[in-house]
Amino acid sequence: MVLSKLDVSQVETVANNFGLYESLNGSSIDKSVGFDDSVLEIIQQWDDSTTSKLVFMIRLFTPTVSGFQYRDIIAARHGICVNSLTTESYLEAAEIVDSQLIHLQYIQAVYNVITGQYPTTLDLALELGVHHFLFKFGSFDESCHTLGFLSSRIVEFVPFSLLRGANLEELEERLLDQVKGLQYVMNTSEGEDFLGPMRNYLETIMIKLPSVYGSTFFRCSQAQFSSLPSDLLVGINQHGLSLVERKKSRKILKQFKITELRRWGFSKDTMFYFEYNLDGKEETSVEIGTREGMKISSLLTDYAHAYIREQELEQARKEAINEAESIPVPSVIDTGNSQCAPSSCHSPLSSPIPPGPPPQSLPPQTSTSVHIDSMSTHKPFKDSIVATSAEYRAAVKIQAAFRGFSLRWVWMQEDAAICIQARFRGYLDRCKLEILLDSD
């Protein structure tokens, strides 16, 4: 319902990627609301004078909610492998297909940058701040965008952690100089909704902060890898699980692809564990100390399901393209400047047969017959024949693609239901086992 009101396209496809989050102070996100949690009970726990609220956000960052064209479509267009397509090349070629998804990602990206969830240097923060300034205020206006225009509002553009001990006037001056130097052409009267600054903001993060964008981090400790620090972060995203430095750089110390993870679980309030298999070798188990093991396990499970769903959607797109390309294209005779005499060119050219009953059940098409010599001298009629052929070809492609997609969608829903049921039964059994272990 929320996504429909936001005019997001393909609501059923992207709905699983969103979730509710609780903000106790009204400005920072504290925790996610579980699917089984009662929203009414959560609200009843708030004080009457509280500023607490629920926030609707993207929970799973996958290609489905990117708002851009799919990477595999761009790769196919350029005739290269998906893995050979760099992030820079992809973003340069991709078009925006859902501006609302871009906007939702943009809002979260700004929040994550300002609050330090996405650590940045001062130079990068100012670069991002320029795009955010243009999004909020439009093109640079020398008459009003002068020193003191932002004043204390500089905290909306530069992370607070970078403002400690800094000269705020100097930072504002640097920001305004960069805004002035970046000549955007904003035309809000035509309803462009500032897509330019939003897109540039997101692309800058995707390219310059690839290890953090779309990731959720949890504070953890480990003693298994002697080469790694004991205190670190566990990052979960669409690619899998990463062990990350707690420093501002958010450097990835060790990474495990989601296809390499065999199983994972948790012990309540004490630890999270996972088993991985590299290059077909023996499975290795890793234990991580954390009080958020349940959250990590749940998020990783949801990303695993999302990965399967994305693979199925990508395969469906490939099959639809291959099916459409395999359809024979009706030929159209181009006579050019034919000099054939009328008496020697009496073979009629019939218009293409539209989809429907077999040819033998159709009435004779004498009314659409035309001599070739007539086509060369009567251009409007020739153009109508060509147009009919193009419309027929397009109709066949659309019908074939839709029938294939609708059938695969039914199969995917059935498989998803079976998978969810199996996962839920397994989850209940693991919960029972954990209770028995804890009781012992």
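This tour moves through the structure from the whole chain to its cores, aromatic rings, pocket and cavity.

The model is predicted: local features need pLDDT of at least 70, side-chain atom pairs count only at pLDDT 80 or more, and totals for chains, interfaces and linings use all residues. Residues are numbered from 1 along each chain as its sequence is written, and side-chain values use heavy atoms, with hydrogens and water left out.

**The whole chain**

Begin with a cartoon view, in which 12 helices and 10 strands can be traced; helices (H or I, at least four residues) and strands (E, at least two) are DSSP runs, numbered from the N terminus. Of the 440 residues, 36% count as buried, meaning under 20% relative accessible area, with exposed over 50% and partly exposed in between (1.4 Å probe, protein chains only). A contact means heavy atoms within 4.5 Å. Among contacts with a separation of 6 or more, 60% are between residues 24 or more positions apart.

**The nonpolar cores**

Next, select Ile205, Ile236, Leu241, Leu243 and Phe274, which touch the most other members of the largest nonpolar core, a set of 61 residues. Such a core consists of buried Ala, Val, Leu, Ile, Met, Phe, Trp, Tyr and Cys residues joined through side-chain atoms within 4.5 Å. Helix 6 (residues 99–114) provides the largest share of this core, 7 residues. Centre the view on Phe274: leaving aside residues up to four places away in sequence, its contacts include Leu241, Phe256, Trp264 and Ile288.

Another core lies apart from this one; it has 15 residues, among them Ala125, Leu126, Ile154 and Leu176. Select Leu126 in helix 7 (residues 122–137). Leu126 is buried, with a relative accessible area of 0%. Not counting residues up to four places away in sequence, Leu126 touches Val158, Leu171, Arg174, Leu175 and Gln178. The C-alpha atoms of Leu126 and Gln178 are 8.2 Å apart, although 52 residues separate the two along the chain.

**Aromatic rings**

The structure holds 14 aromatic pairs; rings of Phe, Tyr and Trp (its six-membered ring) pair if their centres lie within 6.5 Å, and planes under 30 degrees apart count as stacked, over 60 as edge-to-face and the rest as tilted. Show Phe61 and Tyr213: their ring centres are 5.8 Å apart and their planes stand at 65°, so the pair is edge-to-face. Phe61 lies in the loop between strand 3 (53–58) and helix 4, and Tyr213 in the loop between helix 9 (195–208) and strand 4 (216–221), so that the pair links parts of the chain 152 residues apart. Both residues are buried. Then select Phe133, Phe137, Phe149 and Phe157, which form one aromatic cluster.

**The second largest pocket**

Return to Phe61, which is one of the residues closest to the centre of the second largest pocket, together with Pro63, Arg71, Gln238 and His239. On a 1 Å grid over the protein atoms alone, a pocket is an open set of points with protein on both sides within 12 Å along at least five of seven lines, a cavity is a set where a 1.4 Å probe fits but cannot get out, and lining residues have an atom within 4 Å of a point. Grid points are joined across faces, edges and corners, and a volume is the space filled by probe spheres set on the points. Helix 10 gives the most to the lining, with 7 residues.

**The cavity**

Finally, select Ser211, Ser215, Phe217, Gly235, Asn237, Ser242, Val244 and Ile252, which line the largest cavity. Its volume is about 30 Å³.
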